[in-house]
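Me: I would like to learn how to read charged pairs in a structure. Can we work through some cases together?

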Amino acid sequence: MIIILLIIIVVLIGIVIFQWKAKNEQNQTIQYMNEKLQAIVQEKSNEKILVTTSNSQIQQLLISINAWLDHHQKVQATHRKMEDSMKKMLANISHDLKTPLTVVLGYIEMLQLQGSASEEERQRLLAGVHAKTLEVLKIIHTFFDLAKLEAGDTDYPITKINVCEISRKNILSFYDMVTSMGLNITITIPETPMYALGNEEALDRVLNNLLSNALAYGADGNVIGLTVRNDETTIYIDVWDCGKGIDEYHIDSVFERMYTLEDSRNKSFQGSGLGLTITKRLVEMMDGSIKLSSIPYKKTIFTIALKQMMY
């Protein structure tokens, strides 16, 4: 009987010691996790908390903490990218505003100093002031247009639109400009109407941006074109040129805010660097997509894809 009692006492002592060790290990693990989590948050590192434990509850807690860290780190990375992008955008817009405003100031000073200037000279200077003021307004409007698009504060109702008709109208609006520049123009648009889910005003702006871009950067290829095609579910609009194109290294960047190919920028088409960003936002707003493929001096194609409507 005494032996049995001793065995029970030893077993109970062993259980107590085991529970104490388990509790102590658990406390140490939780303390380490707490200290590690604080260090990761304070240092803004991309680490995860890695702990080997047999405790299923701590394992679940680790999974949840690491999932939160992953989400938090992605949010931080997105925030930093947007912050850097906004800084660059403001710097570029400030530069783009400074140039025409400096010219306006110069014209005004000339008007003030040249009191005896002829009426013809005064009208020339005033015309310069007017043109540069319109340039400033265009930059400001572009900036606010992007801000409204990204905030979702836009009024572009999605309806059934005739893609062929809209595309034909837009390419023909550039016809005189293209021919005056001595360029060829290739238009491939089916006679049969094709209908997609979208917004006419938004698609007008998208095509205007892409065609202006083709003239700005692709004029040295002597031809620009527009093609409308489809498959069973999608309508595609290709706006293309055979100019300098875009190196593969830059393709993923062209839709970012303020991206411009400075070395090939046609001074007649200077903009704020927001055109393609706005274009992408407008296409996505229509539940479509846009991509770029480019082989320099062979063919550069911007392709818009919109959902086809068969009824």
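Reply: Start with Lys169. In this predicted model, Lys169 is partly exposed, with a relative accessible area of 40%.

Me: Which residue forms a salt bridge with Lys169?

Reply: The general idea comes first. Side chains of opposite charge can pair when their charged atoms come close. Here the partner is Glu200, and the closest N and O atoms are 3.2 Å apart. Glu200 lies in helix α6 (residues 200-218) and Lys169 in helix α4 (residues 163-173), so the pair ties together parts that are 31 residues apart in sequence.

Me: How do I read the accessibility of Glu121 and Arg124?

Reply: Take each value against the cut-offs: under 20% is buried, over 50% is exposed, and partly exposed is in between. Glu121 has 22% relative accessibility, so this residue counts as partly exposed. Arg124 has 44%, so Arg124 counts as partly exposed too.

Me: Which residue meets Arg229 in a salt bridge?

Reply: Asp238 does, at 2.7 Å from N to O. Asp238 is buried, with a relative accessible area of 8%. Arg229 counts as partly exposed, at 36%.

Me: How many salt bridges does the structure hold?

Reply: It holds seven.

Me: How far away is the nearest side chain of opposite charge from Asp241?

Reply: That side chain is Lys299, and it is 10 Å away. A salt bridge needs the nitrogen and oxygen within 4 Å.

Me: Which backbone nitrogen lies 2.9 Å from a polar atom of the Asp241 side chain?

Reply: The backbone nitrogen of Gly243.

Me: What else does Asp241 touch, not counting residues up to four places away in sequence?

Reply: Asp241 touches Ala214, Gly218, Val223, Ile224, Lys298, Lys299 and Thr300. Notice Lys299 in that list. Asp241 still has no salt bridge.

Methods
Residues are numbered from 1 along each chain as its sequence is written. This is a predicted model: local features need pLDDT of at least 70, side-chain atom pairs count only at pLDDT 80 or more; totals for chains, interfaces and linings use all residues. Side-chain values use heavy atoms; hydrogens and water are left out. Buried means under 20% relative accessible area, exposed over 50%, partly exposed in between (1.4 Å probe, protein chains only). Lys and Arg count as positive and Asp and Glu as negative; His and the chain ends are not counted. A polar contact is a pair of N or O atoms within 3.5 Å; within protein, one must be able to donate a hydrogen and the other to accept it, and residues adjacent in sequence count only if both atoms are side-chain atoms. Contact means heavy atoms within 4.5 Å. Helices (H or I, at least four residues) and strands (E, at least two) are DSSP runs, numbered from the N terminus.
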